Structures are given as C-alpha cells and as structure tokens.
Number of protein chains: 2
Amino acid sequence: MTKHDDDLLGAFIPGPRAVRAPLAAGRLSGRSFAAKDVFDLAGHVTSYGHPDWAASHPAAVATAPVVTALLQAGAALAGKTKTQELAFGLTGENVWHGTPRNPAAPERFPGGSSGGSAAAVAGGAVDFALGTDTGGSVRIPASYCGIFGIRPSHGALSLAGVCALAPSLDTAGWFTRTASLLAGVGEVLLPGGPGDLGGPLLRVEDAWVNAQPEVAEALRPALEKLEQLRGRAIGLRLVPEGIDSVFDHMRMVQAEEAWATLGSWVSAHQPKFGPGVGERLAAARVVDPSDAARGRAFRRAFQARVRPLLAGGAVLVYPTSPCTAPLLSATQPEQDLVRGATLGVTAIAGLCGLPEVTLPAARVRGAPVGLSLVAAAGRDRALLGFACDAAAVLGLSV
Amino acid sequence: MTKHDDDLLGAFIPGPRAVRAPLAAGRLSGRSFAAKDVFDLAGHVTSYGHPDWAASHPAAVATAPVVTALLQAGAALAGKTKTQELAFGLTGENVWHGTPRNPAAPERFPGGSSGGSAAAVAGGAVDFALGTDTGGSVRIPASYCGIFGIRPSHGALSLAGVCALAPSLDTAGWFTRTASLLAGVGEVLLPGGPGDLGGPLLRVEDAWVNAQPEVAEALRPALEKLEQLRGRAIGLRLVPEGIDSVFDHMRMVQAEEAWATLGSWVSAHQPKFGPGVGERLAAARVVDPSDAARGRAFRRAFQARVRPLLAGGAVLVYPTSPCTAPLLSATQPEQDLVRGATLGVTAIAGLCGLPEVTLPAARVRGAPVGLSLVAAAGRDRALLGFACDAAAVLGLSV
C-alpha cells in the first residue's frame with residue numbers, strides 16, 4: 001500500500017493509504033480522487049474523524065455506492081482524507097489526526113468539515129475529492145482553499161455507506177481545481193433530469209451585506225463580469241428577519257437531527273472532542289422541542305419564499321462565505337463568530353435543499369474567497385454548465 | 001403504560017405500548033397515531049423488526065424529529081407498529097413478532113414492510129400512522145389494506161432517527177382512512193414550496209398492462225371518474241424495455257445500497273431471517289459492481305425520460321399494485337412472482353424520487369386495490385390537494 005509519508009499537506013488520515021484501482025474505463029479514466037473519511041471503503045474502518053468512532057465500529061464490509069460509481073467511471077482512489085470530528089464544524093481542525101494545511105493560505109484554517117479533501121485538491125495531491133456538506137462542509141473549505149466545490153441538491157447523491165449527521169441537510173459533494181472536471185464528475189454522479197437556467201441573476205443582498213466589506217468588494221468585479229454574461233442582476237432581500245435569524249433556526253433543525261442521529265453513540269461512548277464539537281453536541285442534547293418546532297416552521301416558510309423565485313431558472317449569486325478562512329491563531333470566540341455569520345449564509349441553500357457551486361473568484365490580501373451560484377433543486381447539471389461559462393468569463397481554470 | 005392485550009389486529013410490536021402525549025396543541029390535536037418500529041422514540045429500543053437488532057442496539061436517547069413534529073402538532077402516539085425485518089419485504093410477514101392481520105382481507109397478507117402501521121389504521125386503532133417506503137413499503141400495504149397512503153418526494157421528510165435501508169430510495173410516509181387527514185398530516189410534515197398540478201392525466205400503460213386483468217378492470221371506472229375531473233387521460237409507455245427491466249435495475253440499485261447500509265451489521269451478527277429477507281440480503285452481498293453501475297445508469301436515463309413529462313404539472317395514474325394482497329397460504333415462489341411484478345411498478349416513482357399517493361379505489365372479489373397518482377418531485381402538497389378532489393369524485397372517505 002502507498003505510504004502516508006508523502007502527505008506534506010496533512011490531508012490524508014494517518015496510516016497506510018486506502019487506495020483502489022479503477023474498476024473499469026470511463027469518462028474519469030486517468031483521474032485520481034480522494035474521499036473524506038466518512039465514505040465507507042470495504043475492508044477499512046471509517047473513522048468519522050474520531051479515534052473512538054473508529055474503535056467502536058468494525059471495518060466496512062461494503063464500499064459506498066458513490067465511491068464505486070467513481071471507480072466504475074475510471075477514476076482511481078488515492079486515499080481517505082481527514083474530516084473534522086463527526087463532520088460537525090467549519091474550520092477543518094482535527095486534534096486527533098492533525099489539521100490539514102491550507103495550501104492557498106498556510107497560516108489559515110483549511111475550512112471544514114471536509115478540510116482534508118479540500119487540501120488534497122488545492123495542493124494538487126489528487127484531481128478531485130469527495131466531501132459531505134450539511135451546513136457548509138464542502139462550500140466553506142472550497143472557498144477557503146481557493147478551489148471549485150459543489151453541494152448538490154439535497155438527495156441527489158446516494159448517502160448509502162456514508163456517515164450521517166443531520167439527514168434532512170446532509171449531502172455529498174466534491175472539489176476540483178477546474179470547472180470542467182467539476183461538471184465531469186457531475187455527469188457521473190448526478191441524477192438525470194431536466195432543468196434549464198434561462199432566468200435572471202438574483203443578487204442576494206442579505207449575504208452581500210453580511211459579508212465583510214473587503215470580501216464583498218473583492219467579489220464585486222466577478223459579479224459584474226457575470227452580469228456581462230447574463231444581464232444585470234436583480235437585487236433582493238431573502239430574509240428580512242436577518243441572517244442571524246436564519247442561523248438560529250438552522251442551528252435548531254441541525255441540532256435536533258444531529259442528536260437524533262449521533263446521540264446514542266455519544267451517550268454510550270462519552271468521547272472527548274476537540275474545540276467546539278463537544279459543545280455543539282452538548283447543546284444538541286438539550287434542544288427544546290418547541291425551539292426545534294419553530295426551526296422547522298421557519299424552514300417551511302423560508303422554502304415557500306425562496307423556491308418559487310428559482311422555478312423559472314433564476315440563479316442566486318452571493319459570497320460563499322462572509323469572510324476569509326480564520327487564522328490558525330484565532331480564538332474560539334472568534335471562530336464562533338465566524339461560524340455563526342457563515343452558517344446564516346450557507347443555510348440559504350441548505351434549508352431549501354438547493355444546489356450551490358462555489359467558484360474561486362477572488363482573494364483578499366492573499367486569502368481566497370468564493371462566489372456562489374445557487375439554482376432550483378434538481379438543476380445541478382445546468383448549474384454546472386453555467387459554472388463552466390462563469391469560470392471562462394472570470395478567467396478561472398476551465 | 002397501555003397494555004398490548006387490546007391489539008386484536010396484531011399491529012403493534014409486542015410488549016408495553018410506546019405511548020406519548022402531545023407536546024402542544026395544534027392542527028392534529030385529538031388525533032392518535034402509530035409509528036413503524038423504525039422510528040426512534042427516546043427511551044425505547046428500536047427493533048427494526050428483528051430481535052437481534054433490538055438486542056444489539058441501545059435504547060434510543062432521542063426521538064426521530066418527524067415523530068416530535070407530530071407530537072408538537074397535537075397528535076398523540078399510541079404505539080409502535082410491526083415492520084418486516086429490516087423493512088426488506090412487501091408482504092408484512094414477521095416471524096418474530098407475528099404478522100399483522102389485514103383488517104380488509106383477513107385471509108391475505110397486510111402488505112409490508114410497514115404492515116403494522118397499515119393494519120393499525122385500517123382496523124381503526126389509530127387515526128394515522130407513519131411508515132417508511134423504499135421499494136413500496138407504504139404504497140403496497142395501503143393498497144392491500146384499502147386505505148390512503150403517501151410516499152412523499154425523496155428527501156421531503158427528515159430520516160434522522162429512522163432506520164435506513166437504501167438511502168437514495170428511502171422515504172418516510174403515512175397512512176390514513178380519509179383523504180383530508182392524509183393532506184392534514186402533510187401540512188405538518190412536508191416542506192414548503194410551489195407546485196401546481198394544472199397538467200393532464202397521464203395513463204401509464206406499462207403499469208395498466210402489467211396489472212392482473214381483473215385489477216385493471218376494477219380500477220378503470222375510477223380512472224374514468226378522474227377523467228371527468230381533469231379531462232381525458234393521455235396514454236403513454238414509460239418503459240419500452242418492459243416493467244421486468246425496471247425491476248431488474250431497481251433491484252441492483254437497492255441491493256448495492258442495502259448491503260452498504262446493513263452489511264456490517266449482518267456480517268457481525270449473522271442473524272436468522274424469515275422467508276425471503278435473508279435470501280435478498282445474501283444476494284445483496286454479492287452484487288456485481290458492473291450490474292450496480294448498469295442499474296445506476298438506467299436510473300439516470302429513466303429519470304431523464306420521466307421527470308420532464310411532469311414538469312408542467314401532469315399527473316401519472318396507474319394501479320398501485322398489479323394484484324391484490326397474496327393469500328397467507330401463498331408459497332414463497334408465488335410471493336416472489338408478485339414481488340417482482342410489483343417492484344417494477346413501484347420503482348417508477350421510487351427511482352425518480354416522485355411523490356405517489358394511493359387511493360383505496362376498488363376491490364377485486366372483496367380484496368382492496370389502490371389507484372396511484374404521481375406528480376413531479378416537490379409537488380407533494382398539490383398532489384395531496386388533488387387526492388382530496390379525487391377522493392370526492394370517487395366517493396371515498398374525504
């Protein structure tokens with residue numbers, strides 16, 4: 001087996017590399033990929049980012065169908081990548097396996113929870129990598145590491161053999177360095193179906209205003225170039241209640257589901273956690289059912305507001321994250337502030353089940369920031385096509 | 001706790017009843033419900049229909065959010081109902097807990113895997129009941145027991161705290177005796193969003209032809225009444241490859257995911273199974289990756305064919321099941337024949353992620369048969385509205 005010694009990025013989980021040759025020739029022949037260590041690979045224990053999880057679960061007897069689909073399409077698996085513990089965080093920190101380095105900004109976090117996958121792609125160790133995204137775990141590390149990433153429509157990819165966090169929000173997505181490969185992987189993994197994006201660009205003011213001024217300013221030229229492609233963007237406010245309110249409700253929905261999913265294991269094993277994760281699980285344990293009900297009611301109303309806007313093929317556009325990656329030296333309260341502001345934005349697509357592509361559109365004092373394109377549920381393929389056009393007009397790697 | 005002695009239907013799992021008072025007043029106040037024993041209830045072990053599963057899992061520390069949502073809307077939980085082992089069958093048989101009686105046709109199977117929930121509703125023990133549906137596990141028992149049932153759009157209801165079988169096909173649904181309550185529960189559980197059904201009725205000939213002649217004949221008057229409501233149905237063939245081919249591909253997709261999901265537990269515990277279930281798991285263990293890849297490719301092409309037909313608000317209409325419930329005396333080969341023919345039809349909505357409502361539209365020599373209405377993904381609420389109109393015109397319980 002390939003040794004781990006060549007992993008200068010710290011992107012892969014410790015130990016011998018989990019590798020697999022392609023199962024057949026196909027449209028991904030010649031491409032290498034990595035999978036976040038939440039995807040089962042037959043014969044390997046899936047760690048879910050925590051040694052206690054690994055110790056309390058047997059080796060998987062089967063491989064997650066999404067991984068098999070990629071092997072069947074010609075891609076070679078080069079290893080499994082680090083995840084924040086239980087995929088429950090946005091920095092990518094992992095106290096057990098070490099935090100992956102951010103190749104685009106080494107003094108900053110790579111983003112998480114799919115930080116190892118983002119680092120492996122950004123650093124050139126593989127051509128593409130699988131992650132999962134519940135509250136932003138593909139979109140945020142893609143934005144932080146300066147690469148392309150997609151959170152598909154909820155339910156678009158099979159989550160069989162994939163660790164769960166909050167099922168009504170969980171998705172599997174992927175990272176690439178080029179727009180065309182982002183679309184190419186989609187050709188293999190996404191469902192078939194209609195969907196055009198002939199509608200206007202909708203500039204989500206809530207997210208532009210929520211972004212740090214320097215982030216919004218850095219991304220504005222990219223927006224203007226997209227307007228040359230698609231016509232003047234229409235500005236709108238999706239959440240008059242404020243982004244904070246989206247975060248508050250999203251947090252309740254996610255926490256209720258996370259405890260329903262992981263509470264039995266956490267209660268039985270009482271594991272120790274790195275910064276933030278244990279606190280979030282402790283909070284999830286005591287969510288008040290009426291707060292969760294208010295969260296679900298907000299989600300229904302929010303879906304009823306947002307989904308019709310996209311039915312005609314419109315595309316939302318806004319900063320993927322309100323800020324650049326936090327410095328590795330950031331305090332926990334500083335990280336929590338970033339997390340709250342970020343989840344309010346990522347929850348737009350998250351709560352509504354919409355596909356979101358993030359483009360590595362700009363830098364702020366050297367640190368990458370992503371620009372997001374969001375479409376109606378089910379229009380993932382059309383969105384990836386638009387992302388290719390957008391990458392061309394923005395001068396990104398097509 | 002309520003005793004089990006009053007369960008003349010054999011619908012509930014053995015032992016003290018799992019009951020819960022409503023958490024608040026709401027639109028389901030005064031209604032009682034049951035939940036298939038795949039939904040977690042804090043403090044209770046979820047059996048998944050098998051004593052070995054129960055013995056190898058701790059009591060749930062949290063309640064499935066879908067159950068909490070119903071309690072929060074005013075409904076009272078009256079107990080947990082029997083499921084076929086690992087929800088992997090369509091007869092409802094359970095050798096460990098006993099097979100629920102079919103109140104509408106006592107000499108026949110109740111259907112499964114959510115057979116306990118269907119029996120509890122059909123027999124009047126509760127007003128509604130939760131089930132899950134991967135390959136037909138709500139729709140088939142609803143059809144067999146002569147009640148209303150819905151399999152919502154894939155992903156519409158949270159599966160947090162719910163046992164998984166094949167995630168890209170798994171859904172949570174429910175049963176009622178009236179169309180209005182079917183819609184009322186949907187008001188509480190379904191996502192918000194647009195969706196009208198102004199399009200034509202589409203008569204899926206493949207499924208009408210696949211049905212036993214007496215079943216098709218019994219349901220034809222109902223179709224004609226719906227045509228009075230919505231105009232003449234357009235006949236079409238969705239699967240020139242034949243229904244058998246849909247079954248073959250569906251089986252591969254489901255088997256690959258079932259083994260990815262349950263293989264580790266099955267391998268570690270080597271449980272004994274009732275008729276059929278063990279054989280299906282054994283087959284799932286040895287699925288050839290290239291067969292699974294063909295299954296996934298078929299699904300993509302099938303979705304690309306079916307989904308555009310429904311984008312304009314059309315409604316598919318066809319017999320829910322090609323036959324009435326098998327007799328309790330049916331041999332295993334007879335049951336397998338029914339299963340294959342049935343899964344080819346239920347896979348239409350299943351593989352495409354579409355919402356399907358079954359109406360108790362007719363009887364064949366006393367045994368109920370359902371008529372299905374299927375709409376575009378996400379239009380569940382509109383579909384439930386149409387089901388209420390349809391129930392009225394068909395003279396069913398509104």
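Helices (H or I, at least four residues) and strands (E, at least two) are DSSP runs, numbered from the N terminus. This is a predicted model: local features need pLDDT of at least 70, side-chain atom pairs count only at pLDDT 80 or more, and totals for chains, interfaces and linings use all residues. Residues are numbered from 1 along each chain as its sequence is written, while chains are lettered from A and ligands numbered from 1 in the order in which they are written.

Start with H11(A). Just after this helix, A:Gly353 takes a positive phi of about 70°. H11(A) covers residues 332–352, 21 residues in total. From first C-alpha to last it reaches 29 Å, close to the 30 Å expected at 1.5 Å a residue. The expected span is 1.5 Å times one less than the number of residues. H11(A) also has a kink of about 45°, centred on A:Thr346. The bend at a residue is the angle between axes fitted to the seven residues ending there and the seven starting there.

**The sheet**

Chain A has an open, mixed sheet of 10 strands, in the order E2-E1-E3-E5-E4-E9-E10-E8-E6-E7. Two strands pair if DSSP finds at least two bridges between them. E2(A) and E7(A) stand at the edges with a single partner strand each, so one side of each is left without a neighbour in the sheet. E3(A) and E5(A) run antiparallel, joined by six bridges. Across that pair, A:Asp133 has A:Thr171 as its bridge partner.

Contact means C-beta atoms, placed from the backbone, within 7 Å. Axes are lines fitted to C-alpha atoms, for helices over the stretch in contact, and angles run from 0 to 180 degrees between N-to-C directions.

| Helix | Strands touched | Angle |
|---|---|---|
| H3(A) | E1, E2, E3, E5 of chain A | about 155° with E3(A) |
| H11(A) | E4, E6, E8, E9, E10 of chain A | about 30° with E10(A) |

**Two chains**

How many residues does each chain give to the contact? Chain A gives 49 and chain B gives 50. On the side of chain A that touches chain B, H10(A) has the largest share, 11 residues.

How values were computed:
Contact = placed C-beta atoms within 7 Å.
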